[in-house]
Amino acid sequence: MGLATVNSQSLTGEPGQQDVRQELERIVASRVFRGSHRCQAFLNYVVSTTLEGESKFLKERTIAVHVFGRSATDDLSDDSIVRVGAREVRKRLAQYYMDEGANRPLRIDLPAGSYIPTFQRRLPASSAINPNSEPVPEPPEPQVPATPQRKRLRWRPLVLGAAVITAACLAVFFWRTDPGPQSAFDTFWQPAFHENGPLLIAIAHPVVYLPSVRAQKLDEQRNGVPNPPIQRPIHVSPSLLNGSDFVAVQNQYVGLGDAEAALRISSLLDQRHTGWRVRLASKVVFNDLWDSGAVLIGAYTNRWTMETTKNMRYRFAYNAQQKPCIAEASAGCRWTLAKKADNGQSAEDYILLARLPHSATNGFTMVCAGLNVYGTEEGGRIISDPDSLAPILRQLPKNWSSRNLEMVLHVAVVGDAPAQSELVSAYTW
């Protein structure tokens, strides 16, 4: 998710190190970052390294070692954990500055394509830029100057090398000896990691309705031809349109939240050297699922999610007002998006996660789906992140690992992005 444009404030100035560190403390303690220790560690590391004048060492390999516990000798060519982590930090920073940090006088950003953070002050509201005026070019990114101790620079690479080796050894030691959250995460995914063939990721296939050529021409006659010719919503009186002006397009689009979940899960499988393949659910037949592992992403636009869950305790449905809900077999709709707008926006979402080692397909099946796009995105993040999944698993019955499992989670939506999530119900059989 990109950064939102702030019309009421602009960014300028170079803050001091103490101000940056105080802002860093606020960010990592915020609601947005509190749920991910890895994002906290990532941001702490890149900001601290930059403030120490060592930003030149912020490369993918050093971050992989210091933040994610990778060995200094690992081949990272197929390991995207740092890139995925950086993108998650950027998303959470954007979310923080749209919510809790909206009025903060200082901003920490992680520019796209870089692991070096920037620190900039905001002008007070009295110096606001008129949103109707010409855009002002952004100032060059400030760089915090390195501490002027030239002699230290000669042996810093040696110290860094020793630190890398030490960190790698500690990572290996704790990986082998710590039976904590990581082992629960591995147990959760163990059936998938041990499938004989590649895991099938079946992604939802929404039907998208596009305006007809006639509707587009009517729009251009009334609103002008866009320059450049970019796609835009049509603004034409409904009385001038008919049913043929909305053309159904199938099997050409996927939802952003579904794609985000598929990306995270495929990245996890790559890290664990587990093969995978992605297909639209509409192109999957039952023989593709039989005796094979599969992850089903998305709900109402994924026929196999709906088929798999329709006889389970928790399943997707609609309530009497045609609002999407997660129903319980004996109680009907229990969790509903009562305030979901016609354009799909909602201030909350519910997620259904199902882990089925004893699936009707005779293979391992995972379901990851929200009532809305936000829930599917957040579900993909939770099940692919050990720090997020482990606290949830600790709330389950002790025998969950050998049984089929369903979990329902609630997630708040802030700034059109998923925020906090919590487990609200679980069932094993």
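Two strands are taken to pair if DSSP finds at least two bridges between them, where strands (E, at least two residues) and helices (H or I, at least four) are DSSP runs numbered from the N terminus. The structure is a predicted model, in which local features need pLDDT of at least 70, side-chain atom pairs count only at pLDDT 80 or more, and totals for chains, interfaces and linings use all residues. Residues are numbered from 1 along each chain as its sequence is written, and side-chain values use heavy atoms, without hydrogens and water.

Strand 9 (residues 314-318) runs antiparallel to strand 10, and five bridges join the two; Tyr314 has Glu328 as its bridge partner. Five residues lie between these strands in their hairpin, where Gln322 takes a positive phi near 60°. Glu328 is also bridged to Gly332 in strand 11. Strand 11 (residues 332-336) pairs with strand 10 in the antiparallel sense over four bridges, and three residues separate the two in a hairpin.

Because five of the five residues of strand 10 (residues 324-328) are buried, the strand is largely enclosed by the rest of the structure. Pro324, Ile326 and Glu328 are buried on one side, and Cys325 and Ala327 on the other.

Elsewhere, helix 3 (residues 37-51) and helix 5 (residues 81-98) pack at about 90°, with axes 10 Å apart; the axes are lines fitted to C-alpha atoms over the stretch in contact, and angles run from 0 to 180 degrees between N-to-C directions. The two helices are therefore roughly perpendicular (65 to 115 degrees). Contact (heavy atoms within 4.5 Å) involves residues including Phe42 of helix 3 and Val89 of helix 5.

Key. Buried means under 20% relative accessible area, exposed over 50%, partly exposed in between (1.4 Å probe, protein chains only). Angles under 35 degrees count as roughly parallel, over 145 as roughly antiparallel, 65 to 115 as roughly perpendicular and the rest as oblique.
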